[in-house]
Amino acid sequence: LGSMYSFSEQMSEAGRKPTTQNRTLELVVPDAAVANQLNLKAGEKAYKLVRLRLADGVPLMYGETYLNENHLYTVMKRKYNEQSVLAFEDVQAVNLDKRDSKILGVKPGDASLKIFRRAINDKNVPIEFTISLARGDRFIYRSRQYNHLV
């Protein structure tokens, strides 16, 4: 929580093989809560990427990532020279509903971490907003804390 998180890096460090299944990518008008996170005006569009993250073939995290349509075009134009420099994350303990438990291969009502992540670029522009569900029985969210000396 004190530094940028990478699912792939965390799983590799734990000696596990991370994989990602990209389920869908579509251009949508996001709901008001998502639009607010990306500083979008009413009616502006964003790309919605739905992914399932696995370690050693076991589903661990399901996520929906939203990318500002205009910003994504700019990023592609610059040949992916964009980089997020700051991310805000909120983590909430939840119980999985029937749909999400099926996706993650567990029983309805099982514990999960719901993670809301917003990434900002070096110009203070939101470039990504992701909502993820991580299995509570197999996923450890590691926090790093730093003491900045004055």
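This is a predicted model: local features need pLDDT of at least 70, side-chain atom pairs count only at pLDDT 80 or more; totals for chains, interfaces and linings use all residues.
Me: How many helices and strands are in the chain?

Reply: Helices (H or I, at least four residues) and strands (E, at least two) are DSSP runs numbered from the N terminus. The chain has four helices and six strands, in the order α-β-α-β-β-α-β-α-β-β along the sequence.

Me: What percentage of the residues count as buried?

Reply: Buried means under 20% relative accessible area, exposed over 50%, and partly exposed in between. Of the 150 residues, 35% count as buried.

Me: Which residues make up the largest nonpolar core?

Reply: Such a core is a set of buried Ala, Val, Leu, Ile, Met, Phe, Trp, Tyr and Cys residues joined through side-chain atoms within 4.5 Å. Here the largest has ten residues: Val 50, Leu 52, Leu 54, Tyr 62, Val 94, Leu 96, Ile 103, Leu 104, Val 106 and Leu 133. Strand 2 (46-55) and helix 4 (98-104) each supply at least two of its residues, and strand 2 gives the most, with three. A second, separate core has nine residues, among them Met 11, Leu 60, Ile 115 and Tyr 141.

Me: What does Tyr 62 touch, leaving out residues up to four places away in sequence?

Reply: A contact means heavy atoms within 4.5 Å. The partners of Tyr 62 include Arg 51, Arg 99, Asp 100, Ile 131 and Ser 132, as well as the core residues Val 50, Leu 52, Ile 103, Leu 104 and Leu 133.

Me: In which sense do strand 5 and strand 6 pair?

Reply: Two strands pair if DSSP finds at least two bridges between them. Strand 5 (residues 111-121) and strand 6 (residues 126-135) are antiparallel, over nine bridges; one of the bridge pairs is Ala 119 with Glu 128 in strand 6. The two strands form a hairpin with four residues between them, and Asn 124 in the turn has a positive phi of about 65 degrees.

Me: Is Gly 57 buried or exposed?

Reply: Gly 57 is exposed, at a relative accessible area of 56%. Gly 57 sits in the loop between strand 2 and strand 3 (58-68).

Definitions and conventions:
Residues are numbered from 1 along each chain as its sequence is written. Side-chain values use heavy atoms; hydrogens and water are left out. Buried means under 20% relative accessible area, exposed over 50%, partly exposed in between (1.4 Å probe, protein chains only).
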